[in-house]
Amino acid sequence: MSETLTVSAVQEQEDVGVDRVAGDAPLTPVKGVPVYARSEVPAHLRTMTELKADRLKPAEGQQPVAFLRVYRRGHGWGRFPLYDPAGAARMRPLSARQRRSMQERRTCTCCGEVFARPVYGMCGPCRTREARRQRDLHQRTCHDCGTLFNSPAPVQSWQGGQCLACEERIERGQKVARSLSNRSCRRCLVQLVPLARWAEMSEQERVLADWHCGPCEQENAQERLEAQRQADRDRWDDLGPTIAWAQEILADPDGYAVLDTETTGLHSAARIVEIAVTTASGTVLLDTLINPGEAIPSEATAIHGIDDAMVAGAPSFSDVLPRLSEALAGRRVVIYNREYDTGRLRWELHLHHLARHTIDLVKHARNGQRSHSAVQAWMAAQRWEECAMEQYAAFFGDWSQYWGSYTWQRLNGGHRALGDCLTVISRLQEMAAYPSPFDTTTPAPVQA
């Protein structure tokens with residue numbers, strides 16, 4: 001609209017009276033032109049669409065006399081011009097083709113009824129009846145073979161809309177497909193087990209069977225090997241030093257001693273009931289039971305199997321100490337859980353040196369100081385190697401997010417001193433023989 005006119009200007013231009021635009025009380029005018037709600041529009045005013053329905057259009061230069069305020073979903077409030085049909089011009093008559101097209105848009109293709117507004121095909125009632133008919137056909141038709149039944153009963157709607165015959169045929173096909181799949185390679189689907197052999201197998205054998213042909217098994221092994229190598233490369237900073245540590249020990253087996261003890265418990269005052277020392281090659285240097293001088297708890301006996309009767313005639317730690325010192329002399333000592341075993345040795349040495357002096361209330365403090373110095377001297381004289389348990393934990397690679405370190409692995413040596421020493425040697429051999437992940441010529445074993 002190039003120019004906004006007031007009500008007076010519109011009246012003068014269109015030569016109409018005040019009653020032509022008066023109507024009910026309008027909303028707030030816009031630049032002097034009244035704005036009506038839908039229920040307040042004067043009866044004689046028309047929108048552009050209503051003018052077209054009467055084959056009218058605004059005359060040249062005709063301006064709207066008012067506005068219609070309407071809320072449109074998604075667009076908000078808007079204003080539409082209202083015209084006085086008395087000043088409108090007539091549109092040219094419709095051609096026969098246009099009238100025929102309009103007639104077709106208003107005619108229902110099903111019942112043939114002509115409506116005042118376009119229906120574009122079927123009217124509402126006919127559309128509802130057609131939808132009901134199509135739904136009935138859908139319920140009575142098998143979705144697989146297309147057979148049309150007189151009632152929906154034969155069609156199993158809960159089975160995907162198939163009839164009973166199609167359902168049985170599909171079930172048979174699925175059963176054959178499952179049997180073929182179970183008897184074939186999981187990777188390339190080549191059949192491995194004949195049907196006759198499959199029929200002879202028990203249900204447990206069928207469930208536990210993991211079928212792979214030779215080439216696929218080799219490919220699977222190669223993929224697992226490459227994945228293991230990549231994992232080893234990623235943590236080589238931790239894995240490499242443990243392998244080198246084990247190789248260094250096994251390169252000089254007589255220069256290293258492996259020590260293990262069995263005790264009366266895990267508390268700070270636990271006594272040693274058995275001790276063993278071997279070289280890194282497995283030569284036994286010391287293997288003896290020890291009388292702890294106190295009863296062995298049943299909880300400890302349940303673990304290592306050593307009871308009071310077995311140690312009744314065994315020597316004390318003081319009797320074994322010279323042999324222990326001789327076995328460890330000049331050798332680097334390897335212990336699985338070094339902190340615990342060295343703690344038990346410190347306690348036994350403390351009791352040994354206290355027993356060498358007369359203990360009374362006056363001399364107890366002085367004897368305690370003397371015992372502490374002797375224990376420190378004996379412990380310092382030994383060459384304690386790094387803890388084998390921590391080294392093997394880094395080699396095994398089971399990282400604990402909770403503790404922020406590698407998880408310690410059980411030794412599983414039988415909980416006897418000599419058996420545990422030999423198991424430690426086996427762990428060292430396992431670590432030393434592990435190939436480098438950067439050497440692709442030698443296959444690397446996959447850790448459990």
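One term before we start: contact means heavy atoms within 4.5 Å. You're looking at a predicted model, where local features need pLDDT of at least 70, side-chain atom pairs count only at pLDDT 80 or more, and totals for chains, interfaces and linings use all residues. Numbering runs from 1 along each chain as its sequence is written, and side-chain values use heavy atoms, with hydrogens and water left out.

Select Val 424. Setting aside neighbours within four places in sequence, Val 424 is in contact with Val 258, Val 334, Tyr 336, Ala 388 and Leu 411.

Now widen the view. A nonpolar core is a set of buried Ala, Val, Leu, Ile, Met, Phe, Trp, Tyr and Cys residues joined through side-chain atoms within 4.5 Å; buried means under 20% relative accessible area, exposed over 50%, partly exposed in between (1.4 Å probe, protein chains only). The largest such core has 25 residues, and Val 424 is among those with the most contacts inside it, as are Trp 245 and Phe 395. Colour α9 (236-251), β9 (256-263), α15 (388-396) and α16 (417-432), the elements that give two or more residues to this core. Helices (H or I, at least four residues) and strands (E, at least two) are DSSP runs, numbered from the N terminus. The largest share, seven residues, comes from α16.

Next stop: Thr 279, in strand β10 (residues 272-279). Is Thr 279 buried or exposed? It counts as buried because its relative accessibility is 2%. Among its contacts beyond four places in sequence are Pro 253, Arg 331 and Ile 425.
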